[in-house]
Amino acid sequence: VMNSLEVLVQGFSWREASGVWHVSSNVTIIRDEGPVLLVDLGAPDRQQALLEALASHGLVPRDIAAVVLTHMHVDHVGALALFPQTPLVTSRGIMTGSRFQFSHPSTLHLSPHTFLLRVPGHTSGDLALGFHEDDGTTTVVAGDLFPESLAVDAPTIAEDAQALGDSRKRVLAMADRVVTGHGPVLPVKR
């Protein structure tokens with residue numbers, strides 16, 4: 001099978017007139033010479049959608065080699081219970097079951113064509129996954145560094161606005177495409 005990256009479960013983010021938000025992250029699947037990886041897991045009430053999307057690819061949760069979590073907000077980690085023994089990759093290390101190993105993301109090689117980078121700003125622990133596509137381009141799964149657009153000044157909740165801007169510029173300099181946290185996969189215009 002060709003190496004591939006696609007949004008498995010589409011995320012969303014919208015606000016009712018009353019002010020209540022409805023949010024769930026994109027769930028991205030990467031197939032890379034054997035290992036199948038997921039990035040983010042959506043909101044807690046999206047677990048069935050995730051199971052159905054995996055099944056449509058002939059997969060069950062135990063087929064996933066690792067889950068990369070861009071950050072720990074609930075709308076990105078809602079299906080954790082489906083992956084009790086799957087390595088969970090965070091910006092601080094890897095949790096497998098109840099075992100935690102501290103490690104820097106740059107030292108982790110989850111599959112032949114992926115790389116991890118810390119991209120602080122939305123939270124101090126933001127993590128992105130980069131994927132070198134078969135066509136020579138690079139796609140970055142950026143979480144809420146870019147919730148729905150690639151504008152460097154696009155509004156988002158930021159723990160550190162300066163770090164957010166720096167991380168955004170770094171990702172835009174290396175990526176040909178960006179998987180946003182809740183919206184579309186967007187081309188980087190140069």
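Let's start with Glu-33, which is exposed at a relative accessible area of 54%; exposed here means over 50%, buried means under 20%, and partly exposed is in between, with a 1.4 Å probe and protein chains only. Before I go on, this is a predicted model, so local features need pLDDT of at least 70 and side-chain atom pairs count only at pLDDT 80 or more, while totals for chains, interfaces and linings use all residues. Residues are numbered from 1 along each chain as its sequence is written, and side-chain values use heavy atoms, with hydrogens and water left out.

Okay, back to Glu-33. Its phi is near 50 degrees, a positive value in a residue other than glycine. Glu-33 lies in the loop between β4 (27–31) and β5 (36–39). On the naming, helices (H or I, at least four residues) and strands (E, at least two) are DSSP runs numbered from the N terminus.

Now take Asp-40, also a residue other than glycine with a positive phi, near 65 degrees. It lies in the loop between β5 and α1 (47–56). Is Asp-40 buried or exposed? Buried, at a relative accessible area of 3%.

Asp-40 brings us to Asn-26, because the two are in contact, where contact means heavy atoms within 4.5 Å. Asn-26 is found in the loop between β3 (21–24) and β4, and Asn-26 is buried, with a relative accessible area of 3%. Leaving aside residues up to four places away in sequence, Asn-26 also touches, among others, Val-7, Gln-10, Val-39 and His-182. A polar atom of the Asn-26 side chain lies 2.7 Å from the backbone oxygen of Thr-180.

How many cavities of 30 Å³ or more does a search of the whole structure find? One. The largest cavity holds about 40 Å³, and its lining includes Asn-26, Asp-40 and Thr-180, along with His-76 and Val-141. By class, that lining has three nonpolar, six polar and one charged residues. For the classes, Ala, Val, Leu, Ile, Met, Phe, Trp, Tyr, Cys and Pro count as nonpolar, Asp, Glu, Lys and Arg as charged, and the others, Gly among them, as polar.

You'll want the grid details. It's a 1 Å grid over the protein atoms alone: a cavity is a set of points where a 1.4 Å probe fits but cannot get out, a pocket is an open set with protein on both sides within 12 Å along at least five of seven lines, and lining residues have an atom within 4 Å of a point. Points are joined across faces, edges and corners, and a volume is the space filled by probe spheres set on them.

The largest pocket has a volume of about 320 Å³. Of its 15 lining residues, the closest to the centre are Ser-13, Trp-21, Pro-147, Thr-156 and Ile-157. The pocket lining splits into six nonpolar, six polar and three charged residues.

Last, the strands. Five of the six residues of β11 (127–132) are buried, so this strand is largely enclosed by the rest of the structure. β11 pairs in the antiparallel sense with β10 (114–118) over five bridges, where pairing takes at least two DSSP bridges. On the β12 (138–141) side, β11 pairs antiparallel over four bridges. Gly-130 is the bridge partner of Phe-115, and Gly-130 also stands opposite Val-140. In the β11–β12 hairpin, with five residues between the strands, Gly-136 has a positive phi near 90 degrees.

Key:
A polar contact is a pair of N or O atoms within 3.5 Å; within protein, one must be able to donate a hydrogen and the other to accept it, and residues adjacent in sequence count only if both atoms are side-chain atoms.
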